[in-house]
Amino acid sequence: MVEREREPYILTISDPNCAVGLQSTWGLGNQLFLFPGKKGNLIADDRAPAQTPYQEIQEVKWDTDMHNDIPRKLVNESHNIFMLLQTQAAEASGSALHPHLVKASKQYRAVLKACSMGMVHLTESTTDDALRGHFEDQVQISEMTEMIWSLCEIFFIDVPAGGLVITQLIEWLRWHFTDGEKMAVEILREEKPEDNLSYWDTIYRLVLQGQLEAVRHLLSTHSGRGRSEFQSIEELLRKMPVYSKLFRGHSISEFDMKWRHWWDECKMRLEQGEFATNKNLEIIARILCGEEEVFTDLRDLCETWYHMLVSKMLYQNPTVKAADLHYYVQGCLDEYRVSSRLGELDGILLSTIEFDIHQVIKDSSAVLSNWWFVAHLTDLLQHCGQLETHRLEFGSNLREYLLLEYASSLMSHKSLWQVGIDYLDHCTEFGRKYIEHYIEHIPLETEKKALKVLGVCDRRNMAEQAKSICKVMGRRCMQHGRLGSALSWFLRSKDVAFATLIAEKFLFEYSENGSFSNLDLIDNLGSTMLLSKRLTFLGKYREFHKLYGDKDHHAAGSLLLSLLTARLAPRDFWITLLTDCIPLLEADKMIFSSMQTYELMHCLEELTKETLLLSASQNKAKTPDSQDRTKAFTELEKEKIDLLRLALTRNLSRAIVTEGTIKTL
Amino acid sequence: MVSVINSIDTAHEDMIHDAQLDYYGTKLATCSSDRSIKIFDVKSGQQTLITNLLGHEGPVWQVAWAHPMFGNILASCGYDRKVIIWKESNGTWGKLYEYSNHDSSVNSVCFSSHEFGLNLACGSSDGSISVISSTGDGNWDIKKINNAHTIGCNAVSWAPAVTPNSLMDHSGRPQMVKRLVSGGCDNLVKIYREEDGQWSEEQKLEGHSDWVRDCAWAPSIGLPKSIIASCSQDCRVIIWTNDGTSNNWSSKVLHKFNDVVWHLSWSITGNILAVSGGDNKVSLWKESVEGQWVCISDVNKGQGQVTEGQKTS
């Protein structure tokens, strides 16, 4: 298979500054930022002076056809069709899948048609010339796409039984060449249709398209309809066998026989000169006989080689099989060859008739400006079993390659990225990695969007990416002072360092203000508090407060003690904790046992000794700016310690006595 | 079909040497010979200048964005031998850290994948590469690879976090090994690897016949192979491939251009390579289904006419 290389597309930037060189940086998806400049020679400092004081950066995008409003609808609707098809393909295969595939194909074409009509509407309603030109281009592309798709459907997807394609091809023809019908309608409105200059041309067109009813209708308005030649032609037209649904029950050979019989009749009447009096009717008869010259004469009415091909087949060889069609192509091509190079569309249609699927896909990728068509069609063809799924060099198969391209072209759009992700899900080789890469670059403008993106990660078990997103969001919250939200993000991403940081901030708040902010969050930490020691302490400390508030003094006391002895509490906080003990020690009921009191005393000793030692060493070293972590006690703290000592001693004595007393009744 | 969407007037007073878009495509940082670094907000088609960072005493060669999970952090390097890490806090940008331990112009900076933490590699004309790592508590750990390239190092780039041919540790997760690729004035492309806290040269890739100006390690798409692209004053771009089964790298010349190739960069998923050079063109290259590198698009300068939409001084 000879490769037809696609010419690289060249875009020219008109910026005189770029004369010194052009550089680029990647944007999101298919986007580049370009600017003039180059790295200077690094040893000699030779920078070319700027041409103008202003240095501009050009933003360039490609494959963004799908981002405008109307194509966007196309994207969304074809997305639905695609997803449904994948599910169906997973559950069924072979002949069970076939009707779904045909339906999907027709649905794709329907949404394409809707998109095209929307564009036509836009073309008519827009006043901007440049924009209108753009829309017209899009309409043309849509029409080309529809033409190619419908032909592919006939040859590859909805292959008729026995391979006889003429019926579908005729339909295809009628769908795409509508001039004949339109003209017929206009002509029939007139008083005397036959006087219309295009009367006969219209009839020929309709004959070439096999629209024999319409032809008979037009002929019936002719003043000469009573004459024998008119009657004769009308009979022939009426009796032409058509391989349609009526013949389904019969075999091909039966039809063939009937058709030959009819053909013989046509030939006979023609040769007998029945139409000699009326050149126009003679032409019709010659068409019916499938005579070569008449087609050449009517070349202009056929407009294109493929129209002529179908018309010829209708009258020369109606039982032609799809696979044999290409034998007849050359003759038609010769009629129309203006230059030796085929038009792009022609080339693709030819490849279709030649059953060269790969060429069709390759050329379509090059000609049509976006990946929508080739991606969806190839997917469909793969499911039809029309594409051999051999691995290509790049690591996967053609279908995946195209789907990746299509999905990538959607990723830079603010909402279509979700559609892109769904498509990537169905790329078994690289889809996941692509998602992992792209998902980290989706801008997280709002919390809502971040949650949406997170949802995407969670559903696909992309833990790393989820974590990274949570970290970004958490940091953002912290920057805006929203500690509570920040903490929930960090908990979600299991970020120990940040969770600790925030817990410390909360604790600091408490020691400053005497109360906690974000109470709900702290109260409902549950097992997440285990993420960081500081956080666990925070949670437990809050629990202590709750117990105290609920007057469950014993539990509160035990908890407080355990916080100290388990070394869960940070050293800075000990003084606060110990101070919290005071009311418990001084309470009417005894709360702390002697053992517990001893432990508390022990803690206090540890704290004071350490501080004394450290401040002593600080004095010795005479380092003025040593870390202030364990500074000497403030006056207030010293007071508290004294109170504490007193309370501890009193409780101890009470405890010893109580414990030592043997209760007697 | 490629089309110009927008143009951003940077108001730089001298040549722009680098422009980098942040992770989300919302901020564009540019640096110039006029010693300043400008950051623009480029969301939804408008451009507003966010800040103008001054701190370098000579042309600024390159800027690099860190992963947003570390906050809004930008690194820059310049002719004044300095590497500055800038950070945004409470809406204002300021210097976070300044590193001036190079003896000559620092030409290239690159942040590693976030999985390794916050690490910045810097390549300098004094031939060495520094790796500046944040220890998390506001301190920075410096490692230097001396004599990486004789005469000078022009470009550095990090390997993606999960290098395909790394070993799996006992928990089944791949070991994360830090790897760097660098290109220099000795015409070589070298790969360095960190092991037990030390950096050592792992590979020397020979193929260019003149100074290597830029190199970039392609993002990983889960295949066992690794790909590095390098470009040089010998007008060639070479694609180096390691298939993941051994330590051998094979090379393929992507294309021989008409002039020096200055810069190249990979798209997010690594399937397109953008190459820019002295022939005033930026071309995009993609690996086709058959494994051949083909040029898919060319963007080049105009002939100097100014169109209607253009600004004039």
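Helix H26 of chain A, residues 533-549, has 17 residues and runs 24 Å from first C-alpha to last, close to the 24 Å expected at 1.5 Å a residue. That expected span is 1.5 Å times one less than the number of residues, and helices here are DSSP runs (H or I, at least four residues), numbered from the N terminus. Quick caveat: this is a predicted model, where local features need pLDDT of at least 70, side-chain atom pairs count only at pLDDT 80 or more, and totals for chains, interfaces and linings use all residues. Residues are numbered from 1 along each chain as its sequence is written, chains are lettered from A and ligands numbered from 1 in the order written, and side-chain values use heavy atoms, leaving out hydrogens and water.

So what's buried in H26(A)? The list includes Leu535(A), Phe537(A), Tyr541(A), Arg542(A) and Phe544(A); buried means under 20% relative accessible area, exposed over 50%, partly exposed in between (1.4 Å probe, protein chains only). The buried residues of H26(A) pack against helices H23, H24, H25, H27 and H28 of chain A, with contact meaning heavy atoms within 4.5 Å. After H26(A) comes Lys551(A), with a positive phi near 65°.

Over to helix H3 of chain A, residues 129-157, where Ser142(A) sits. Is Ser142(A) buried or exposed? Ser142(A) counts as buried because its relative accessibility is 8%. Beyond neighbours within four places in sequence, Ser142(A) touches Leu112(A) and Ser116(A).

Last stop, Tyr598(A) in helix H29 of chain A, residues 594-621. With a relative accessible area of 45%, Tyr598(A) is partly exposed.

Conventions. Helices (H or I, at least four residues) and strands (E, at least two) are DSSP runs, numbered from the N terminus.
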